Amino acid sequence: MTTENYDYIVVGAGSAGAVLANRLSADGKHNVLLLEAGKSSNPCTRIPIGFGKLIENPAANWCYSAEPEENTDGRRLPVPRGKLLGGSSAINGMIFVRGQAMDYDTWGQLGNRGWSYREVLPFFQKMEAYGSGEEEYRGRSGPLKVTEIPEVEPLYQAILDAGQQTGLPFNPDYNGASQEGIAISQTTIAKGRRQSTAHCYLDPAKSRPNLRIVSEALAERMVFEGTHCTGVHYTVRGVAKQAMAAREVIVSAGAVKSPQLLELSGIGQAERLRGLGITMVHDLPGVGENLRDHYAPRMRWRIGAKGYSYNDKARGLGIVREVLKYMIKRTGLLGLPAAPVRAFFRTRDGLETPDSCIGWFPMLIAPGYKLDSESGLTTFTHPLRSESTGNIHIAGNDPGVQPAINFNFLSSPQDADITLSGIRMTRTIMNAPAMQPLQIEEIFPDPGLLGDNELIAWVKQTAETTYHPVGTCKMGTDPMAVVDARLRVHGITGLRVADASIMPTLTSGNTNAPSIMIGEKAADMVLADAA
C-alpha cells in the first residue's frame with residue numbers, strides 16, 4: 001500500500017469539497033489532496049435538462065434509497081446523490097436559494113458563533129456573480145454565475161399573475177432582503193450551461209501543482225493516532241492507498257456519506273459500532289442523527305389549451321426545434337432548471353416569514369423522467385423548515401454498502417399541517433382567473449380529495465423528497481452535536497466536517513447554495529487557524 005503526504009486532505013469533491021480544494025490551494029502554500037469516489041464527469045451534466053438523465057443513472061449518482069416507513073406507505077424513496085466531481089451540484093435541478101436570514105440567525109442562537117445571517121452573508125456574496133439585486137445582499141464577481149430564466153414564457157407569466165391575484169407579491173430577488181412572494185427562479189445556469197462546483201471551482205484550480213484531484217477514489221476510513229486524525233485510507237479502482245495529512249482532514253462527503261465515513265472510522269455511537277466489529281476511536285452519539293429533508297407531494301395538472309406546456313412543444317418534430325433552439329440560443333427545454341417558477345408564503349397569520357413553498361415545472365413527467373403523452377404541468381409543495389428528524393447509520397463495516405436511511409417523515413405534526421396548507425394554496429393559485437385561459441384541470445390527486453385525513457393519506461402514498469438531506473453531523477454545543485462552530489469534530493483533533501451534514505436545521509429552500517457557502521466559510525476558518 002502506497003502512502004502519500006499532504007498538508008490537507010479533502011474527502012468529497014461536491015458542493016462544499018470542491019470549494020475547499022480551490023480555496024486551500026489558492027495561495028500555493030499548502031499541498032492539497034481532493035478525493036472523489038465518483039468519476040470526473042458525465043456528458044449530460046453541462047446541459048441543464050440533463051438532470052433528467054442523471055437522476056437515476058448509477059454512473060453519476062449513488063442512487064440510494066430510504067428504508068420503508070409508515071409515513072411513506074412502506075415505499076423505498078429514492079435518495080439521489082451526486083457521484084461525480086461537483087457532487088450533487090453536477091446532477092441537481094440547479095435552483096439557487098440561499099434561505100432566509102432567520103435560518104442562520106437560528107444557527108447562531110443555538111450556540112454556533114459566527115453563523116448568524118450577517119456573518120455568513122459575506123461568504124454568499126464571495127461565491128456568486130449575480131447581475132441584479134441590491135449590492136447590500138448580492139455578490140458580483142464570485143466564481144459561481146447565478147442567473148434568472150432568460151425567457152418568461154406565457155405559462156410562467158400566467159402563474160406569476162395567478163400568484164399575485166391570490167395575494168402573493170411578485171419578488172424580483174428572493175435571495176435579497178426578503179424571500180416572500182412569487183418569483184422566477186434563480187439558477188446556477190449561465191449561457192445555457194450548468195454551473196457546478198466542478199466547473200466553477202475545480203476547473204480553474206486543477207492545473208495548480210499543489211492540488212491533486214483523484215477521482216474514483218473511495219475513502220474507506222480515517223487513520224488515527226489516539227484521537228488525532230492523521231490521514232485517510234482509500235482505494236482507487238480496488239487498489240489500496242493511504243494519504244497522510246500534516247495539518248487536517250476535512251470530510252465533505254455529504255449528508256449520507258459523511259456520517260457513514262465517521263462511523264466506519266470508529267466515531268459514533270459506541271454500542272452500535274462495537275456491535276458491528278468496528279474499533280472505537282471516540283463515542284459521539286450524534287453521528288448520523290438529526291437527518292432532515294423536504295418531503296414534497298407532486299401534484300399534476302392537465303392543460304387543455306395548446307402550446308403552453310413542453311409536452312406540446314417537444315412532441316414529434318417539436319423536439320428537433322427545441323434542440324436547435326438550445327444549440328443557437330441556449331434556451332428552451334434543454335436549458336431548463338427543475339422548476340422555473342416558485343413561491344414562498346406564510347400558511348397562517350402571525351408568522352414573521354414564509355414557512356412553505358411551491359414550485360412549478362412546465363410539463364408532465366412520465367415514469368423514467370420522460371415527457372408524458374398528456375399536456376400539463378407538475379407542482380410540488382413542502383414545509384420550508386421541516387421539524388421531522390430521522391437518521392443515517394451503517395449496517396455493517398463494508399464501505400461499499402449504502403447506509404440505512406430513515407427519514408421519519410411527518411413525525412412532526414407541524415410538518416403535516418404545513419403540507420396540507422401548501423396543497424390548498426397550490427389549488428388556490430391554479431384556479432385563479434389568470435389560469436383560466438389555459439383550461440387547467442387537476443388530475444393528481446383527485447380534486448375530490450378535500451379532507452385532512454384523505455390528503456395526508458395521499459401524501460404518504462405518493463410524496464418524495466426534494467433531495468435536500470442535511471443535519472447528520474450537526475454543528476452545535478449540545479450532547480448530540482458532532483462538530484463545533486469551527487466545524488471541528490468534538491473530541492477529535494485534525495478532523496473537520498464541512499458540508500450539508502453540519503446544518504443544525506434545514507434552510508428555507510434548496511440546499512445547494514448553503515452548502516457552497518459552508519465550503520467557503522470552512523476554507524476561511526481552516527486558513528485562519530493555520531496562520
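The exercises below, each with a worked solution, concern a predicted model.

**Exercise 1.** Describe how helix α1 packs against helix α13, giving the axis geometry, the handedness and the residues in contact.

*Solution.* Two packed helices are described by the angle between their axes and the distance between the axes. Begin, then, with the axes of α1 (residues 17-25) and α13 (residues 512-530), which come within 8 Å and cross at roughly 30 degrees. Next, assign the handedness, for which the crossing of α1 past α13 is right-handed. The residues that make this contact are V19, L20, R23 and L24 on the α1 side, and I516, G519, E520, A522, A523, V526 and L527 on the α13 side. Finally, sort the residues of the α1 contact with α13 by class, which gives eight nonpolar, one polar and two charged.

**Exercise 2.** Decide whether T235 is buried or exposed, and list its contacts.

*Solution.* First locate T235, which belongs to strand β13 (residues 228-236). The relative accessibility of T235 is 12%, and because buried means under 20%, T235 counts as buried. Then, leaving aside residues up to four places away in sequence, T235 touches E216, A217, L218, E220 and A240.

**Exercise 3.** Characterise the second largest pocket by its volume and its lining.

*Solution.* Turning to the helices, α3 (101-109) and α11 (413-430) each supply at least two lining residues, while α11 gives the largest share, four residues. Sorted by class, the lining of this pocket has six nonpolar, six polar and seven charged residues.

Key
Residues numbered from 1 in each chain as written. Predicted model: local features only at pLDDT ≥ 70, side-chain atom pairs only at ≥ 80, totals over all residues. Heavy atoms only, no water. Axes fitted to C-alpha atoms, helices over the stretch in contact; angles between N-to-C directions. Left-handed = near helix turned anticlockwise from the far one by under 90°. Contact = heavy atoms within 4.5 Å. Nonpolar A, V, L, I, M, F, W, Y, C, P; charged D, E, K, R; others polar. Buried < 20%, exposed > 50% of the residue type's maximum accessible area, 1.4 Å probe, protein only. 1 Å grid on protein atoms, 1.4 Å probe; cavity = no way out; pocket = protein on both sides within 12 Å on 5 of 7 lines; lining within 4 Å. Points joined across faces, edges and corners; volume = space filled by probe spheres on them.
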